[in-house]
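Hi,

Here is the structure I promised to pass on. Have a look at it first, then read my notes below.

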Amino acid sequence: MAEFDESVRDRDDDVAVYEADTEGPPAGIARGRTFDSFRHRDFRHFWSGALVSNAGSWMQIVALGWLVYELTGSELALGAVNFVQGVPVLLFILYAGAAADRFDRRRLLIWLQLAMMGQAIVLGVLTSTGHVTMPAVYALTLFGGTMTAFMFPAWQATVPDLVPKRLLLNAIALNSAQFNGARLVGPMIGALIFARFGVAEVFYVNAATFLVVIWALAVIRPAQERHVAEDGESRLRELAGGIGYAREHPGVAVLLLTTAAITLFGMPFAALLPAFADKVLGAGSAGYSVLLASNGFGALAGALVVAGLPHDVDRGRLVRFAVLAMGLLLLGLAASRAFWLAMLVLVGIGAAFMTATSSVNTSLQASVPPRLRGRVLSLFVLAFMGIMPFGALVFGAIARAIGPEDAIAIGAAVLALVGALLVLRPSLLADERPRPAPDAAP
């Protein structure tokens with residue numbers, strides 16, 4: 001059973017959200033136009049608010065890392081803070097997915113943003129008054145990580161409620177572009193504020209950025225289909241709804257397993273990049289910053305390219321070849337001994353990574369029923385973020401034993417094999433699209 005938020009039907013420009021994706025783009029809208037989703041008012045507000053808020057979040061990440069190092073002088077403490085921030089995804093992601101399907105996502109997101117704004121304010125007050133301690137940092141980081149774990153499925157699942165289905169790939173790619181744009185800009189702004197005013201002021205500015213996204217969420221009216229528990233349905237069965245759907249639909253399971261392979265074998269390069277820049281390239285911290293920016297630039301460029309693709313592009317083919325390309329490019333990174341070559345390869349890795357993950361995300365959102373979207377996307381978040389610390393931990397140990405370049409090469413080889421398997425067996429990622437019911441209205 002499901003219920004709809006009927007308020008959206010009063011807006012003529014978003015009626016297409018309810019229509020099956022059986023036709024091409026309407027007259028006047030060019031195929032493959034990069035910014036088509038911005039024609040929809042609610043998506044513009046949602047995207048703009050996210051850009052400002054994510055920039056603030058990246059500012060806080062920079063400031064918090066410096067604060068922790070200033071308090072402890074310990075690299076172990078930095079790793080512990082990152083772990084504390086990420087562990088709620090493992091603990092609560094199934095609950096978060098169920099909440100995204102059961103409750104009004106817009107209101108849920110507003111309350112979560114208010115809670116995260118409160119966390120930033122408390123961090124700022126404790127820091128500016130000199131009362132900040134590591135136990136307080138750990139507690140506030142755990143709180144923020146829990147709010148973030150509940151936010152991700154609801155946030156991802158809201159995107160299809162804001163645009164017609166034909167623009168879903170465009171909207172998700174633009175959403176990825178704003179995240180990567182914030183990742184590039186936020187740390188730079190945070191560093192400027194920190195240098196001019198101090199760490200506490202960065203926390204306060206981040207808190208202020210939440211007002212923008214809260215306003216954006218307050219004015220949009222997404223068309224959400226909400227899950228209503230059936231009589232006799234247990235809470236455990238409700239929580240496991242996404243797992244059950246993935247088990248019954250092999251294409252969805254393969255998409256989730258592909259994401260997990262990217263996370264476990266491809267993404268550890270990011271954790272090893274400081275050691276690679278120093279020990280292999282001899283570039284030091286300045287060189288590491290340039291390499292990191294190159295990867296971010298590639299991800300941003302890749303997101304914009306994907307946003308410009310036609311709505312009927314074969315998403316399965318994008319995933320297959322992007323995964324293979326990422327594995328091969330990572331092998332190229334492991335073999336690089338020239339700084340300029342490593343920069344170029346990292347641009348390609350960022351583009352391949354963004355192409356693969358945006359296409360997986362779109363395929364999941366296009367094929368999963370709206371009432372299950374939050375729970376299935378919670379599995380995507382688990383595969384994308386929840387297991388990332390374990391991949392970094394394992395490959396960190398491998399790098400310590402045999403060197404960062406060889407550790408990157410091992411992960412790259414496995415990912416390339418996964419990509420080759422997908423290319424050789426294209427039926428594993430058939431580009432399935434939802435079809436209208438036979439008696440659907442024209």
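Below is what I found in it.

First, some ground rules: this is a predicted model, where local features need pLDDT of at least 70, side-chain atom pairs count only at pLDDT 80 or more, and totals for chains, interfaces and linings use all residues. Residues are numbered from 1 along each chain as its sequence is written, and side-chain values use heavy atoms, with hydrogens and water left out.

**The overall picture**

The protein has 16 helices and two strands. Both kinds of element are DSSP runs numbered from the N terminus (helices are H or I, at least four residues; strands are E, at least two). Of its 442 residues, 50% count as buried, meaning under 20% relative accessible area with a 1.4 Å probe, protein chains only. If you take the contacts with a separation of 6 or more, 85% of them are between residues 24 or more positions apart. Contact here means heavy atoms within 4.5 Å.

**Two helix pairs**

Start with helix α5 (residues 168-196) and helix α6 (residues 199-219): their axes come within 7 Å and cross at roughly 135°. The axes are lines fitted to C-alpha atoms, for helices over the stretch in contact, and angles run from 0 to 180 degrees between N-to-C directions. α5 and α6 are therefore oblique to each other; angles under 35 degrees would be roughly parallel, over 145 roughly antiparallel, 65 to 115 roughly perpendicular, and the rest are oblique. On the α5 side you'll see Gly190, Ile193 and Phe194, which meet Val199, Glu201, Val202 and Val205 in α6.

Next, helix α10 (residues 268-280) packs with helix α16 (residues 404-424) at an angle of about 145°, their axes being 9 Å apart. Phe269, Leu272, Ala275, Phe276 and Val280 of α10 make this contact with Pro404, Glu405, Ala407 and Ile408 of α16.

Find Ser358 in helix α13 (residues 339-367). Is Ser358 buried or exposed? Ser358 counts as buried because its relative accessibility is 1%. Leaving aside neighbours within four places in sequence, Ser358 touches Leu169, Ile172, Ala173, Ser176 and Val306. Leu169 is 189 residues from Ser358 in sequence, yet their C-alpha atoms are 7.4 Å apart in space.

Cheers
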